[in-house]
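Here is a short tour of one protein chain. Keep the sequence and the 3D view side by side as you read.

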Amino acid sequence: MAYINIDSHLDNSWKKRLHGEFATEKMQKLKTFLATEYKAGKIIYPQNDEYFAALNLTPFDRVKVVVVGQDPYHGPGQAHGLSFSVRDGVRFPPSLQNIFKELRSDLGIELPQSGSLVKWAKQGVLLLNAVLTVEDGKAAAHQGKGWEEFTDKIIHALNEEREHVVFILWGAYAQKKGSFIDRNRHLVIETVHPSPLSAHRGFFGTKPFSKTNDYLRSHGIQAIDWDLNS
């Protein structure tokens, strides 16, 4: 049961809002599932001290933007707890390549050397996957095990307690997950997913980065420096 340790691995601003979630039956079943998978020798991404990396890098009161992903990358060395992000030195997955192409088109920012989005996270961009773990080589292997309810709670808390947050929902899955967000209190940017299967059908040219910054500035909030090269 030690594979989800709220006291060791979760920022206090999130802990006080999510503590009750760890006592739910769903979460208890998730803990049991993960413990069983580890015991069976399964390789799980990200490593267990990075399950909550997005929350720890972006405390509740500092969230300006939420980018909702589906589940972690399932290749070796890729996932480190932030949606769409990979570790330094790891080849960019196709969706991330397309995100960077749109960033260059939107703001003229050259492609970065690293696919790590930690700089964004530290500025208030919550890079939240709906499912926080995955089995090596098996995309979506941990969907339906309990993470979705936990991450729904995160979005609900931001929706209800904060104002003027930008929610970036790429693809039908993210849009469904964010369907309850109050559009009068927050900005919701919805497009198709940046994956190669859909990016040319409505992702490219949507300018999510400049739209985000325009909205933040209009409400007196410091814009995001999206340039990962600086």
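D136 touches I43, Y45, H74 and P76, not counting residues up to four places away in sequence. This is a predicted model. D136 lies in the loop between β4 and α7. R91 sits 45 residues from D136 in sequence, and their C-alpha atoms are 17 Å apart in space.

A140 is found in the loop between β4 (134-135) and α7. Its relative accessible area is 32%, so A140 is partly exposed. The backbone of A140 has a phi near 65°, a positive value in a residue other than glycine. H164 also calls for a look. H164 has a positive phi of about 60° although it is not a glycine. H164 lies in the loop between α7 and β5 (166-170). With 25% relative accessibility, H164 counts as partly exposed. As background, most residues other than glycine have a negative phi, and most peptide bonds are trans.

**A cis bond at P46**

Which residue does a cis peptide bond join to P46? The partner is Y45, and omega is about -10°. P46 is found in the loop between β1 (44-45) and α4 (53-57). Is P46 buried or exposed? P46 is buried, because its relative accessible area is 1% and the limit is 20%. Leaving aside neighbours within four places in sequence, P46 is in contact with Y38, Y51, P72, A79, H80, G81, L132 and T133. P76 is 30 residues from P46 in sequence, with 9.3 Å between their C-alpha atoms.

**The annotated site and the pocket**

UniProt places the feature "active site" at D71, in an unreviewed entry. D71 is in the loop between β2 (65-69) and α5 (94-107). D71 is buried, with a relative accessible area of 17%. Beyond its neighbours within four places in sequence, D71 is in contact with N129, V131, V134, A139, A140, A141 and Q143.

The largest pocket has a volume of about 440 Å³. Of the 28 residues that line this pocket, the closest to its centre are Q70, D71, P72, Y73 and H193. The annotated D71 is therefore among the residues closest to the pocket centre. The lining divides into 14 nonpolar, 12 polar and two charged residues.

D88 is also found in the loop between β2 and α5. D88 is exposed, with a relative accessible area of 58%. Leaving aside neighbours within four places in sequence, D88 is in contact with S114 and S116. P112 lies 24 residues from D88 in sequence and 11 Å away in space, C-alpha to C-alpha.

**Accessibility at a glance**

| Residue | Relative accessible area | Class |
|---|---|---|
| P46 | 1% | buried |
| D71 | 17% | buried |
| H164 | 25% | partly exposed |
| A140 | 32% | partly exposed |
| R217 | 51% | exposed |
| D88 | 58% | exposed |

**The nonpolar core**

The largest nonpolar core has 66 residues. Which of them touch the most other members? They are W14, W120, L126 and W147. Helix α7 (residues 147-161) gives the most to this core, with six residues. W120 shows what such a residue meets. Apart from neighbours within four places in sequence, W120 is in contact with I99, F100, L103, V125, F209, D225, W226 and L228.

**The domain and its end**

UniProt places the feature "domain: Uracil-DNA glycosylase-like" at residues 56-216, again in an unreviewed entry. Over residues 56-216 the chain is 32% helix and 14% strand. The end C-alpha atoms of that stretch are 22 Å apart.

R217 lies in helix α9 (residues 208-218). R217 counts as exposed because its relative accessibility is 51%, over the limit of 50%. K15 and R217 are 202 residues apart in sequence. Their C-alpha atoms are 29 Å apart in space.

Technical notes
Residues numbered from 1 in each chain as written. Predicted model: local features only at pLDDT ≥ 70, side-chain atom pairs only at ≥ 80, totals over all residues. Heavy atoms only, no water. 1 Å grid on protein atoms, 1.4 Å probe; cavity = no way out; pocket = protein on both sides within 12 Å on 5 of 7 lines; lining within 4 Å. Points joined across faces, edges and corners; volume = space filled by probe spheres on them. Nonpolar A, V, L, I, M, F, W, Y, C, P; charged D, E, K, R; others polar. Helix = DSSP H or I, 4+ residues; strand = E, 2+ residues; numbered from the N terminus. Buried < 20%, exposed > 50% of the residue type's maximum accessible area, 1.4 Å probe, protein only. UniProt positions renumbered as here; feature names shortened; annotations may be inferred. Core = buried A, V, L, I, M, F, W, Y, C linked by side-chain atoms within 4.5 Å. Contact = heavy atoms within 4.5 Å.
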